Amino acid sequence: MELPGEHRRMTEIANRLQTAGIRLPDARKAQGTYVPFLIDGPYLWISGQVSNFDGEAITGTLGDDLDLAAGVAAARLSGLNILAQISAALEGDMERVRQ
């Protein structure tokens with residue numbers, strides 16, 4: 001069954017992530033005064049994301065507690081959490097992101 005054009009576009013980024021073997025973590029929910037994202041007109045603001053995946057976090061200082069490989073892994077996890085929040089904020093339609 002052919003999906004409407006808008007829905008096909010909506011899944012393009014998700015399909016590319018899946019093809020690359022990348023699974024996004026669950027987007028962190030708002031807790032207390034923490035708000036993970038804010039939409040203001042055409043702008044999406046993402047709040048501080050950390051290197052946390054499935055309850056596991058990478059913490060420490062690069063060069064002291066973490067070697068370069070652990071630092072790269074932490075940065076990657078932070079990036080994945082940002083993508084997860086974008087997806088949650090835009091209800092899965094990451095194709096709305098323009099820049």
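1. A convention on residue classes comes first. Ala, Val, Leu, Ile, Met, Phe, Trp, Tyr, Cys and Pro are counted as nonpolar, Asp, Glu, Lys and Arg as charged, and the others, Gly among them, as polar. By these classes, the lining of the largest pocket comprises eight nonpolar, two polar and two charged residues.

2. The model is predicted, and its overall layout may be stated briefly. The chain contains three helices and four strands, and from the N terminus on its elements follow the order α-α-β-β-β-β-α. Of the 99 residues of the chain, 23% count as buried. Among the contacts in the chain with a separation of 6 or more, 59% are between residues 24 or more positions apart.

3. The structure holds one aromatic pair. Y43 and W45 form this pair, with 6.4 Å centre to centre and 40° between the planes, a tilted arrangement. Both Y43 and W45 are exposed.

4. The second largest pocket holds about 170 Å³ of space. The residues that line this pocket are P25, D26, R28, Y34, G48, Q49, V50, N52, F53, D54, G55 and N81. Sorted by class, they divide into four nonpolar, five polar and three charged.

5. R28 lies over the face of Y34, at 4.3 Å from the ring centre. Both R28 and Y34 are in contact with Q85, the subject of the next point.

6. Is Q85 buried or exposed? Q85 lies in helix α3 (residues 68–89). Its relative accessible area is 1%, so Q85 is buried, the cut-off being under 20%. Apart from neighbours within four places in sequence, Q85 is in contact with A27, R28, Y34, P36, F37, I46 and Q49.

7. I22 belongs to the loop between α2 (12–19) and β1 (37–40). I22 counts as partly exposed because its relative accessibility is 26%, which falls between the limits of 20% and 50%. Not counting residues up to four places away in sequence, I22 touches L17, R76 and L80. The pair I22 and L80 is 58 residues apart along the chain, and the C-alpha atoms of the two are separated by 8.7 Å.

8. E91 is found in the segment after α3, and its phi is near 50°, a positive value in a residue other than glycine. E91 counts as exposed because its relative accessibility is 72%, against a cut-off of over 50%.

Key. Residues are numbered from 1 along each chain as its sequence is written. This is a predicted model: local features need pLDDT of at least 70, side-chain atom pairs count only at pLDDT 80 or more; totals for chains, interfaces and linings use all residues. Side-chain values use heavy atoms; hydrogens and water are left out. Helices (H or I, at least four residues) and strands (E, at least two) are DSSP runs, numbered from the N terminus. Buried means under 20% relative accessible area, exposed over 50%, partly exposed in between (1.4 Å probe, protein chains only). Contact means heavy atoms within 4.5 Å. Rings of Phe, Tyr and Trp (its six-membered ring) pair if their centres lie within 6.5 Å; planes under 30 degrees apart count as stacked, over 60 as edge-to-face and the rest as tilted. A charge sits over a ring if NZ of Lys or CZ of Arg is within 6 Å of the ring centre and within 35 degrees of the ring normal. On a 1 Å grid over the protein atoms alone, a cavity is a set of points where a 1.4 Å probe fits but cannot get out, and a pocket is an open set with protein on both sides within 12 Å along at least five of seven lines; lining residues have an atom within 4 Å of a point. Grid points are joined across faces, edges and corners, and a volume is the space filled by probe spheres set on the points.
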